[in-house]
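This report goes through selected features of the structure shown below.

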Amino acid sequence: MSAHAETDCLNLTLNIWRQEGPHATGSFEVRQLQDISTHMSFLEMLDCVNEDLVSEGREPVSFDHDCREGICGMCSLVINGQVHGPQPETTTCQLHMRHFKDGETITIEPFRAEAFPVVRDLCIDRTALDRIITSGGYISVNTGSPQDANATPIAKPDSDLAMDAAACIGCGGCVAACPNAAAMLFTGAKVSQLALLPQGAPERESRVLSMVETMDAEGFGNCTNEYECMAACPKAIDVSHIARMNREYMRASLVGSSP
Amino acid sequence: MLGWLIRTASSSIGKKALMALTGLLLIGFLVVHLAGNLTFYMDGDGAAFDSYAETLESNPLLPLAEFGLLVLFVTHIVLALRVTKQNRDARKSRYAVRATAGGSTAGSRSMVITGIVLLVFLVVHIMDFRLQNDGTESMAALVREELSAPLGAGLYAVAMLALGLHVSHAFKSAMQTLGCNHPKYTPLIEKVSLGLGIVLGLGFLSFPLVIFFLGGSAAGGQA
């Protein structure tokens, strides 16, 4: 049993980004960790770090988290240079310590983008994404009794594609992974989802024009089609949604009825 | 009335669409340019190449075509500089550790660097063969003279490797920017992009290599 327990534990060196506030200069704090269970999630490992810090009478490391089951989009972190860590299609909260080696040094940084200012330590302000959504990422419907579901036929392939785009949890990992800090995959997923569905049709043109305008104004970069976003996305959202947004944008600009 | 045009052309997607369009047209130019250059290998003394150059230069519409090329290059380069500046500004604090998640390629990562190399090359190339050429010397002789010097051959070789790398990402990137992404043809576009990079890169690279190492006359190499 004891031999088994030993292999299930890791000793780690952490380089954790510490930053007092949005305008403070940050730096890495080196922490040594002993006997970290491989069954812990990455965030549980950080909980251990914080327990140690609190018992030392120091400020715990601030990091974003909520559901811890990979669906809320609150957790973030760049772990050893990879958004949400080394496992594909996995959020940081669903990443387990068994994917790390004993004695490994792990560098933990916040998502970095001018549009995502650091609030404190590893916490970042992602409300720029909310402002993109409020500028058009919705459908306007009058409330009332629901109509018959069969009154709005949707082809299965379109419904599936729209669902793939709707899988976005809004974590902003695409922005963090993009060499240009662009928000094209995030914005593209919402534009694409609603463009694929009849419910999105009435506001199809104004939506894409407005969302792209907001995206640009928030200071995100331009897409250079490196596809790091898709590779880092915990929901594996495809860059074909960016291409659909590009089509929607040019269509609305060149032949749309909006002025 | 032109508000929509300014808005579209200055948006992130509009800028990239313009870069994609000008880039695709420039790839078209490169294909024609390579085809013309390959006449260099048609005979031993470069007469076919000289006659091709003469035909091209005696065309009264050449200045118009050159103006068109200038517009394409300037648009593409100015937008590239603007886009790159904005992209740098979008992330001022760098990551201490950076690892690819598997999306990018050597071509995609080096677009700015290869672009700058190509810009320097473009200036040198125009000075070498367009401005320096007073019509008295045969074009084939001028090419041989330029590319048999180590500096000339070296610069051209490096620039053509950069060209191949640039184009290998450029074509598929332009298609994606223009919205052409579909399971039916995206795999083909990716192969064509790589193929264009290899063919254009190696095609143009052959000139400095053949002339420098085989001594100047045609592929037959009777130096």
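## Charge and overall form of chain A

In chain A, the 18 positive and 35 negative charges have mean positions that lie 4 Å apart. The model is predicted, and every value here is computed from it.

Chain A contains nine helices and seven strands. Along the principal axes, its C-alpha atoms fill a box of roughly 65 × 45 × 35 Å. Of the 259 residues in chain A, 52% are buried. Its accessible surface is about 11,600 Å², and carbon and sulfur atoms account for 51% of that. Among contacts in chain A with a separation of 6 or more, 70% are between residues 24 or more positions apart.

## Salt bridges in chain A

Side chains of opposite charge can pair when their charged atoms come close. Over all chains, the structure holds 16 salt bridges. One of them joins A:Asp64 to A:Arg126, with 3.4 Å between the closest N and O atoms. A:Asp64 sits in the loop between helix H2 (42–55) and strand E3 (78–79) of chain A, and A:Arg126 in the loop between E7 and helix H3 (127–134), so the pair ties together parts that are 62 residues apart in sequence. Both partners fall under the 20% cut-off for buried residues: A:Asp64 has a relative accessible area of 12%, and A:Arg126 has one of 10%.

A:Arg131 and A:Glu218 form another salt bridge, and here the closest N and O atoms are 2.6 Å apart. This pair links distant parts of the chain, with A:Arg131 in helix H3 of chain A and A:Glu218 in the loop between H7 and H8, 87 residues apart. A:Arg131 is partly exposed at 39% relative accessible area, and A:Glu218 is partly exposed at 21%.

## A salt bridge within a helix of chain B

Chain B has a salt bridge between the side chains of B:Asp89 and B:Lys85, at 2.6 Å from N to O. Both residues belong to helix H4 (residues 62–89) of chain B and are four residues apart, about one turn of the helix. B:Asp89 is partly exposed, with 30% relative accessibility, and B:Lys85 is partly exposed as well, with 46%.

Which buried residue has no salt bridge? A:Arg244 is such a residue; A:Glu248, the nearest side chain of opposite charge, is 6.2 Å away. A salt bridge requires a side-chain nitrogen within 4 Å of a carboxyl oxygen. A:Arg244 is in helix H9 of chain A. Not counting residues up to four places away in sequence, A:Arg244 touches A:Leu161, A:Ser192 and A:Leu196.

Most residues other than glycine have a negative phi. A:Asp121 is not a glycine, yet its phi is positive, at about 50°. A:Asp121 counts as buried, because its relative accessibility is 2%.

A:Tyr227 also has a positive phi, of about 65°, without being a glycine. Its place is in the loop between helix H7 (204–217) and helix H8 (228–232) of chain A. A:Tyr227 is buried, with 17% relative accessible area.

## A nonpolar surface patch

Residues of both chains form a nonpolar patch on the surface: A:Leu254, A:Val255, B:Leu2, B:Trp4, B:Leu5 and B:Ile6, with about 600 Å² of accessible area together. Two elements give two or more residues to the patch, helix H9 (240–255) of chain A and helix H1 (3–10) of chain B. H1 of chain B gives the most, with three residues.

Is B:Ile6 buried or exposed? B:Ile6, which lies in helix H1 of chain B, counts as exposed because its relative accessibility is 59%.

## A buried methionine in chain B

B:Met19 is part of helix H2 (residues 12–37) of chain B. B:Met19 is buried, with a relative accessible area of 13%. Leaving aside neighbours within four places in sequence, its contacts are B:His76, B:Leu79, B:Ala80 and B:Val83. B:Met19 and B:Val83 are 64 residues apart in sequence, and their C-alpha atoms are 9.7 Å apart in space.

Terms used. Residues are numbered from 1 along each chain as its sequence is written. Chains are lettered from A and ligands numbered from 1 in the order in which they are written. This is a predicted model: local features need pLDDT of at least 70, side-chain atom pairs count only at pLDDT 80 or more; totals for chains, interfaces and linings use all residues. Side-chain values use heavy atoms; hydrogens and water are left out. Patches are made of residues with over 30% relative accessible area and no salt bridge: like charges are joined within 9 Å, nonpolar side chains (Val, Leu, Ile, Met, Phe, Trp, Tyr) within 5 Å. Accessible areas come from the Shrake-Rupley method with a 1.4 Å probe; for residues, only the protein chains shown count as cover. Buried means under 20% relative accessible area, exposed over 50%, partly exposed in between (1.4 Å probe, protein chains only). Contact means heavy atoms within 4.5 Å. Lys and Arg count as positive and Asp and Glu as negative; His and the chain ends are not counted. The place of a charge is taken as NZ of Lys, CZ of Arg, CG of Asp or CD of Glu.
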